[in-house]
Amino acid sequence: MGKSAKTRGFLISIDGIQPDKGNETIYLVREIITGRLLHAQNVRTSDTETMKQVFSPVLELDVPVLGIISDAQQSIRDAIASLWPDIPHQTCQFHYLREAARPIFEFDRAVRVKMRKTLTEKLRPLRPHIERHKQSLAQVQTEEAHHEQQQMQIIDSYVVAAQASCHVDGKLPFDYPGLKGYQALDTLDQSLRQVKKRQKKKENH
(Lines give C-alpha, C1' and ligand atoms only; values in the text may rest on other atoms or scores of the structure.)
Protein backbone atom coordinates (compact mmCIF):
# COMPACT_ATOMS: atom_id res chain seq x y z
CA MET A 1 0.00 0.00 0.00
CA GLY A 2 1.11 3.63 -0.47
CA LYS A 3 3.13 5.52 2.14
CA SER A 4 0.30 7.97 2.87
CA ALA A 5 -2.07 5.10 3.68
CA LYS A 6 0.53 3.53 6.02
CA THR A 7 1.31 6.64 7.99
CA ARG A 8 -2.03 8.43 8.10
CA GLY A 9 -4.75 5.87 7.51
CA PHE A 10 -7.24 4.58 4.99
CA LEU A 11 -9.75 6.41 2.86
CA ILE A 12 -12.04 3.57 1.86
CA SER A 13 -14.96 3.01 -0.46
CA ILE A 14 -17.50 0.22 -0.50
CA ASP A 15 -19.80 -0.78 -3.31
CA GLY A 16 -21.94 -3.78 -4.13
CA ILE A 17 -22.05 -5.52 -7.52
CA GLN A 18 -24.77 -8.01 -8.43
CA PRO A 19 -23.68 -9.84 -11.62
CA ASP A 20 -26.96 -11.77 -11.80
CA LYS A 21 -30.08 -10.05 -10.54
CA GLY A 22 -31.61 -11.92 -7.62
CA ASN A 23 -28.39 -13.79 -6.78
CA GLU A 24 -25.50 -13.02 -4.45
CA THR A 25 -24.04 -9.52 -4.25
CA ILE A 26 -20.28 -8.98 -4.24
CA TYR A 27 -19.21 -6.16 -1.93
CA LEU A 28 -15.82 -4.60 -2.67
CA VAL A 29 -13.93 -2.52 -0.12
CA ARG A 30 -11.13 -0.44 -1.66
CA GLU A 31 -8.52 1.97 -0.37
CA ILE A 32 -9.09 5.13 -2.40
CA ILE A 33 -5.58 6.62 -2.28
CA THR A 34 -3.82 3.53 -3.60
CA GLY A 35 -6.75 1.88 -5.38
CA ARG A 36 -5.91 -1.36 -3.58
CA LEU A 37 -8.71 -3.87 -3.01
CA LEU A 38 -8.83 -4.52 0.74
CA HIS A 39 -11.63 -7.05 0.82
CA ALA A 40 -14.27 -8.68 -1.38
CA GLN A 41 -17.12 -10.80 -0.12
CA ASN A 42 -20.20 -12.49 -1.56
CA VAL A 43 -23.33 -12.05 0.54
CA ARG A 44 -26.92 -13.17 0.17
CA THR A 45 -28.31 -10.42 2.41
CA SER A 46 -27.13 -6.86 2.97
CA ASP A 47 -28.40 -6.14 6.48
CA THR A 48 -26.36 -4.14 8.97
CA GLU A 49 -24.73 -7.14 10.66
CA THR A 50 -23.65 -8.53 7.29
CA MET A 51 -22.14 -5.18 6.33
CA LYS A 52 -20.20 -5.13 9.60
CA GLN A 53 -18.81 -8.56 8.67
CA VAL A 54 -17.76 -7.20 5.28
CA PHE A 55 -15.85 -4.42 7.03
CA SER A 56 -14.27 -6.72 9.65
CA PRO A 57 -11.09 -7.55 7.62
CA VAL A 58 -10.40 -3.80 7.42
CA LEU A 59 -10.69 -3.55 11.19
CA GLU A 60 -8.22 -6.41 11.58
CA LEU A 61 -5.59 -4.46 9.62
CA ASP A 62 -5.46 -2.05 12.59
CA VAL A 63 -4.97 0.98 10.33
CA PRO A 64 -6.92 4.18 11.13
CA VAL A 65 -9.85 4.86 8.80
CA LEU A 66 -9.95 8.54 7.86
CA GLY A 67 -13.15 8.50 5.81
CA ILE A 68 -15.57 6.31 3.87
CA ILE A 69 -17.43 6.72 0.60
CA SER A 70 -20.52 4.62 -0.15
CA ASP A 71 -23.80 4.72 -2.05
CA ALA A 72 -25.57 5.65 1.23
CA GLN A 73 -27.34 2.29 1.48
CA GLN A 74 -29.02 2.36 4.89
CA SER A 75 -27.46 -0.87 6.20
CA ILE A 76 -24.00 0.37 5.18
CA ARG A 77 -24.62 3.69 6.91
CA ASP A 78 -25.71 1.90 10.08
CA ALA A 79 -22.68 -0.41 9.99
CA ILE A 80 -20.29 2.53 9.56
CA ALA A 81 -21.98 4.46 12.38
CA SER A 82 -21.49 1.44 14.63
CA LEU A 83 -17.87 0.66 13.69
CA TRP A 84 -16.53 4.18 13.09
CA PRO A 85 -18.96 6.63 14.67
CA ASP A 86 -16.63 9.64 14.45
CA ILE A 87 -15.25 9.44 10.90
CA PRO A 88 -16.63 11.35 7.88
CA HIS A 89 -18.92 9.34 5.64
CA GLN A 90 -19.61 10.77 2.19
CA THR A 91 -22.09 9.66 -0.42
CA CYS A 92 -20.43 8.68 -3.71
CA GLN A 93 -20.77 11.63 -6.11
CA PHE A 94 -22.13 9.42 -8.87
CA HIS A 95 -24.83 7.99 -6.60
CA TYR A 96 -25.58 11.44 -5.21
CA LEU A 97 -26.02 12.90 -8.68
CA ARG A 98 -28.03 9.88 -9.79
CA GLU A 99 -30.53 10.30 -6.99
CA ALA A 100 -30.64 14.09 -7.40
CA ALA A 101 -31.44 13.65 -11.11
CA ARG A 102 -34.02 10.90 -10.62
CA PRO A 103 -37.13 13.19 -10.58
CA ILE A 104 -36.07 14.78 -13.88
CA PHE A 105 -35.23 11.37 -15.32
CA GLU A 106 -38.66 9.99 -14.39
CA PHE A 107 -40.38 13.03 -15.91
CA ASP A 108 -38.29 12.65 -19.07
CA ARG A 109 -39.20 8.96 -19.27
CA ALA A 110 -42.90 9.81 -18.96
CA VAL A 111 -42.54 12.27 -21.84
CA ARG A 112 -40.86 9.56 -23.92
CA VAL A 113 -43.76 7.18 -23.27
CA LYS A 114 -46.26 9.77 -24.53
CA MET A 115 -44.05 10.59 -27.51
CA ARG A 116 -43.71 6.90 -28.40
CA LYS A 117 -47.48 6.38 -28.21
CA THR A 118 -48.23 9.39 -30.40
CA LEU A 119 -45.63 8.57 -33.04
CA THR A 120 -46.40 4.86 -33.11
CA GLU A 121 -50.06 5.54 -33.86
CA LYS A 122 -49.06 7.79 -36.77
CA LEU A 123 -46.11 5.83 -38.15
CA ARG A 124 -47.29 2.22 -37.85
CA PRO A 125 -49.69 2.35 -40.84
CA LEU A 126 -47.13 4.12 -43.05
CA ARG A 127 -44.64 1.30 -43.53
CA PRO A 128 -47.13 -1.26 -44.96
CA HIS A 129 -48.51 1.47 -47.24
CA ILE A 130 -45.00 2.39 -48.43
CA GLU A 131 -44.11 -1.26 -48.98
CA ARG A 132 -47.24 -1.90 -51.07
CA HIS A 133 -46.52 1.20 -53.13
CA LYS A 134 -42.91 0.11 -53.70
CA GLN A 135 -44.06 -3.33 -54.87
CA SER A 136 -46.52 -1.82 -57.32
CA LEU A 137 -43.82 0.52 -58.68
CA ALA A 138 -41.42 -2.42 -59.11
CA GLN A 139 -43.80 -3.89 -61.66
CA VAL A 140 -43.64 -0.73 -63.80
CA GLN A 141 -40.55 -0.72 -66.00
CA THR A 142 -40.14 3.02 -66.47
CA GLU A 143 -37.48 5.47 -65.36
CA GLU A 144 -40.08 7.56 -63.57
CA ALA A 145 -41.33 4.55 -61.60
CA HIS A 146 -37.77 3.60 -60.70
CA HIS A 147 -37.11 7.13 -59.47
CA GLU A 148 -40.29 7.11 -57.40
CA GLN A 149 -39.37 3.73 -55.95
CA GLN A 150 -36.07 5.21 -54.75
CA GLN A 151 -37.97 8.06 -53.15
CA MET A 152 -40.23 5.60 -51.35
CA GLN A 153 -37.16 3.81 -50.02
CA ILE A 154 -35.80 7.08 -48.63
CA ILE A 155 -39.15 7.88 -47.01
CA ASP A 156 -39.23 4.41 -45.49
CA SER A 157 -35.77 5.03 -44.01
CA TYR A 158 -37.04 8.23 -42.39
CA VAL A 159 -40.01 6.36 -40.91
CA VAL A 160 -37.72 3.67 -39.47
CA ALA A 161 -35.44 6.33 -37.99
CA ALA A 162 -38.41 8.12 -36.43
CA GLN A 163 -39.63 4.87 -34.88
CA ALA A 164 -36.14 4.11 -33.54
CA SER A 165 -35.93 7.54 -31.89
CA CYS A 166 -38.71 6.46 -29.52
CA HIS A 167 -36.84 3.39 -28.33
CA VAL A 168 -33.51 4.86 -27.25
CA ASP A 169 -32.35 4.03 -23.76
CA GLY A 170 -31.00 6.35 -21.10
CA LYS A 171 -29.11 6.12 -17.86
CA LEU A 172 -28.98 8.18 -14.72
CA PRO A 173 -27.84 10.76 -13.93
CA PHE A 174 -27.57 12.74 -17.18
CA ASP A 175 -28.51 10.44 -20.08
CA TYR A 176 -32.20 11.21 -20.72
CA PRO A 177 -33.97 8.95 -23.25
CA GLY A 178 -36.81 11.39 -23.95
CA LEU A 179 -34.39 14.22 -24.67
CA LYS A 180 -32.27 11.94 -26.88
CA GLY A 181 -35.38 10.90 -28.77
CA TYR A 182 -36.46 14.51 -29.24
CA GLN A 183 -32.99 15.44 -30.50
CA ALA A 184 -33.08 12.53 -32.95
CA LEU A 185 -36.47 13.67 -34.25
CA ASP A 186 -35.22 17.24 -34.53
CA THR A 187 -32.29 16.00 -36.63
CA LEU A 188 -34.72 14.13 -38.90
CA ASP A 189 -36.86 17.24 -39.20
CA GLN A 190 -33.87 19.34 -40.24
CA SER A 191 -32.88 16.71 -42.77
CA LEU A 192 -36.37 16.66 -44.27
CA ARG A 193 -36.36 20.46 -44.49
CA GLN A 194 -33.11 20.31 -46.43
CA VAL A 195 -34.58 17.72 -48.79
CA LYS A 196 -37.61 19.95 -49.32
CA LYS A 197 -35.40 22.96 -50.09
CA ARG A 198 -33.37 21.03 -52.64
CA GLN A 199 -36.56 19.79 -54.28
CA LYS A 200 -37.89 23.36 -54.60
CA LYS A 201 -34.63 24.50 -56.19
CA LYS A 202 -34.90 21.70 -58.75
CA GLU A 203 -38.48 22.62 -59.55
CA ASN A 204 -37.57 26.32 -59.97
CA HIS A 205 -34.84 25.43 -62.43
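Residues are numbered from 1 along each chain as its sequence is written, and side-chain values use heavy atoms, with hydrogens and water left out. Because the model is predicted, local features need pLDDT of at least 70 and side-chain atom pairs count only at pLDDT 80 or more, while totals for chains, interfaces and linings use all residues.

Start with the sheet. It is open and has 5 strands, in the order β3-β2-β1-β4-β5, with mixed pairing. Strands (E, at least two residues) and helices (H or I, at least four) are DSSP runs, numbered from the N terminus. Two strands pair if DSSP finds at least two bridges between them. Strands of a sheet pair through backbone hydrogen bonds, either parallel or antiparallel.

Which strands stand at the edges of the sheet? They are β3 (37-43) and β5 (89-91). Each has a single partner strand, so one side of each is left without a neighbour in the sheet. Neighbouring strands are turned by 20° against each other on average, direction ignored. Axes here are lines fitted to C-alpha atoms, for helices over the stretch in contact (heavy atoms within 4.5 Å). Angles run from 0 to 180 degrees between N-to-C directions.

Now go strand by strand. β2 (residues 25-31) and β3 are antiparallel, with 6 bridges. V29 stands opposite H39 in β3, and L28 stands opposite A40.

β1 and β4 run parallel, joined by 4 bridges. I12 has I68 in β4 as its bridge partner. β4 and β5 are also paired in the parallel sense, over 3 bridges.

Helix α2 (residues 48-60) lies across β1 (10-17), β2, β3 and β4. It runs at about 150° to β3.

Next, the surface. L11, I32, I33 and L66 form a nonpolar patch with about 280 Å² of accessible area together. Accessible areas come from the Shrake-Rupley method with a 1.4 Å probe; for residues, only the protein chains shown count as cover. Like charges are joined within 9 Å, nonpolar side chains (Val, Leu, Ile, Met, Phe, Trp, Tyr) within 5 Å.

L66 sits in strand β4 (residues 65-70). Its relative accessibility is 31%, so L66 counts as partly exposed. Buried means under 20% relative accessible area, exposed over 50%, and partly exposed in between.

Finally, F174 lies in the loop between α6 (143-165) and α7 (177-204). F174 counts as exposed because its relative accessibility is 59%. The C-alpha atoms of F174 and I33 are 27 Å apart, with the two residues 141 residues apart along the chain.

Key
Patch = residues over 30% accessible without salt bridge, like charges linked within 9 Å, V, L, I, M, F, W, Y side chains within 5 Å. Salt bridge = Lys/Arg side-chain N within 4 Å of Asp/Glu carboxyl O. Buried < 20%, exposed > 50% of the residue type's maximum accessible area, 1.4 Å probe, protein only.
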